[in-house]
Amino acid sequence: MKTKIIKIDKDNIERKKIEEITRAFSDGKLVVIPTETVYGLGANGLDEEACKNIFKAKGRPADNPLILHIAENSQLDELVSEIPELAKKCIDEFWPGPITMIFKRSDKIPNVVTAGLDTVAIRMPSHEIARAILKDCKLPIAAPSANLSGRPSPTAFKHVKEDLDGKVDIMVDGGVTNVGIESTVIDMTSNPPMILRPGGITYEDLKKIIPDVAVDNTTIDASDHAIPKSPGQKYRHYAPIADAYCFAGNLDGVVKEVNKRLKENSDKKVAVLATTETKDDYNGAYIVIDLGSRENMQEIAHNLFDALRKCDEEEVDLIYAEGFDFRGIGAGIMNRLLKACGGKLVLGL
Ligand code: TXA
Ligand code: MG
């Protein structure tokens with residue numbers, strides 16, 4: 001298939017481009033769109049055949065449900081059978097924004113979207129281009145992250161091109177995404193509501209609205225025996241090709257431990273995922289990637305997936321990644337890092 005690229009400037013969105021994308025969605029086509037978290041691979045969420053094609057294009061297992069993206073609260077009514085009070089509060093507080101809520105589903109949604117579950121994931125993105133498209137087409141757009149299954153989610157247009165060129169009808173080039181890790185997923189059908197995937201809206205943000213908000217503990221345990229409540233979380237997403245390790249603890253101890261291992265593995269190509277504060281401290285590494293300053297965790301989230309892709313490109317044998325605090329967006333960063341490392345966490349003393 002020949003993929004059409006449509007470049008859109010988020011500060012000057014041209015009407016006719018949006019209308020072309022709306023037509024494509026109505027015709028059952030696959031369109032990659034930017035969101036504030038990561039790029040999404042979208043199709044009309046009420047069109048069963050179109051949604052099946054999402055799974056084909058990504059190589060996604062059929063038991064991993066999709067998120068429906070909407071532009072207005074009123075669209076919820078036809079998609080869910082119930083909106084709990086706490087969900088209403090979260091909607092008022094956090095939508096549009098990087099949080100996905102799980103509701104009891106309505107009968108209108110094709111089974112392929114929910115992977116046969118009786119619940120559905122819904123999100124209202126804040127990205128200007130995504131919003132313009134969703135407002136115009138007035139359809140719930142099913143969209144997983146626009147990567148091939150098993151690769152890190154795309155945060156720049158070049159990542160989308162690497163993974164999906166020739167596999168979708170249209171790819172929108174909207175520049176780099178902002179948050180850089182996927183949305184927070186919270187199950188609003190459980191009591192108390194439970195965070196299934198940490199992301200841009202943090203535990204601390206949610207606690208202000210839901211004081212007893214729960215967290216699925218598999219979000220910090222990426223080992224094999226941990227069975228997550230969210231189907232997609234059981235897959236070892238974001239996995240780089242190289243064997244990866246995350247180092248936690250006191251930063252000096254981490255630098256010391258990583259350097260010790262760099263010496264022991266001097267015959268291997270090792271990438272170190274470091275921070276601005278430490279990037280000059282790793283001499284034996286094949287490549288040192290600066291994720292950004294520890295003072296700015298948003299920047300680190302923003303750069304993480306690009307760094308993991310770079311490790312694949314450089315065909316390194318080993319990745320040593322510095323760990324972070326689980327506070328704020330740090331929880332989302334560590335969740336993705338631990339997945340990338342298959343749960344291999346080393347303490348630097
Ligand atoms: O930021 C994001 O959420 C991006 C952008 C494109 O919106 N999308 C995204 O989609 O990350 P995806 O499919 O890569 O991740 C969706 C996650 C998966 O882990 C999936 O299993 C979970 O949400 N999910 C979807 N429906 C669910 C449901 N009914 N119950 C529990 N988990 C669900
Ligand atoms: Mg994904």
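Okay, let's start with Ala244, which is in strand β12, residues 243-248. Strands here are DSSP runs of E with at least two residues, helices are runs of H or I with at least four, and both are numbered from the N terminus. Before I go on, this is a predicted model, where local features need pLDDT of at least 70, side-chain atom pairs count only at pLDDT 80 or more, and totals for chains, interfaces and linings use all residues. Residues are numbered from 1 along each chain as its sequence is written, chains are lettered from A and ligands numbered from 1 in the order in which they are written, and side-chain values use heavy atoms, leaving out hydrogens and water.

Back to Ala244. Is Ala244 buried or exposed? Buried, with a relative accessible area of 1%. The cut-offs are under 20% for buried, over 50% for exposed and partly exposed in between, with a 1.4 Å probe and protein chains only. And what does Ala244 touch, once you skip its neighbours within four places in sequence? Ile319, Ala340, Cys341 and Lys344, where contact means heavy atoms within 4.5 Å.

Now Thr219, in the loop between β11 (214-215) and β12. Thr219 is buried too, at 8% relative accessible area. Not counting residues up to four places away in sequence, Thr219 touches Ile195, Leu196, Arg197, Pro198 and Asn335.

Next up, the ligand. Ligand 1 sits in the largest pocket. Bear with me on the wording: on a 1 Å grid over the protein atoms alone, a pocket is an open set of points with protein on both sides within 12 Å along at least five of seven lines, while a cavity is a set where a 1.4 Å probe fits but cannot get out, and lining residues have an atom within 4 Å of a point. A molecule sits in one if more than half of its atoms lie within 2 Å of its grid points. Which elements give two or more residues to the shell around ligand 1? They are β4 (67-69), β6 (119-123) and β10 (194-197). The largest share, 4 residues, comes from β6.

There are 26 residues around ligand 1, and Thr37, Asn64, His69, Ser183 and Gly232 come nearest; "near" needs a heavy atom within 4 Å. Zooming in on side chains, an N or O atom of Thr37 is 2.6 Å from a ligand 1 oxygen. For His69, a polar side-chain atom lies 2.7 Å from an oxygen of ligand 1, and for Arg60 the distance from a side-chain N or O atom to a ligand oxygen is 2.8 Å. Taken alone, ligand 1 exposes 680 Å², and the protein buries 97% of that.

Trp95 and Pro96 are joined by a cis peptide bond, omega about -10°, and Pro96 is in the loop between α4 (85-94) and β5 (99-104). The bond from Asn191 to Pro192 is cis as well, with omega near -5°; you'll find Pro192 in the loop between β9 (184-187) and β10.

Then there's phi. Ala115 isn't a glycine, but its phi is positive, about 55°, and at 25% relative accessibility Ala115 counts as partly exposed. Lys138, also not a glycine, has a positive phi of about 55°. Lys138 is in the loop between α6 (128-137) and β7 (141-142), and at 62% it counts as exposed.

Notes. A polar contact is a pair of N or O atoms within 3.5 Å; within protein, one must be able to donate a hydrogen and the other to accept it, and residues adjacent in sequence count only if both atoms are side-chain atoms. Accessible areas come from the Shrake-Rupley method with a 1.4 Å probe; for residues, only the protein chains shown count as cover.
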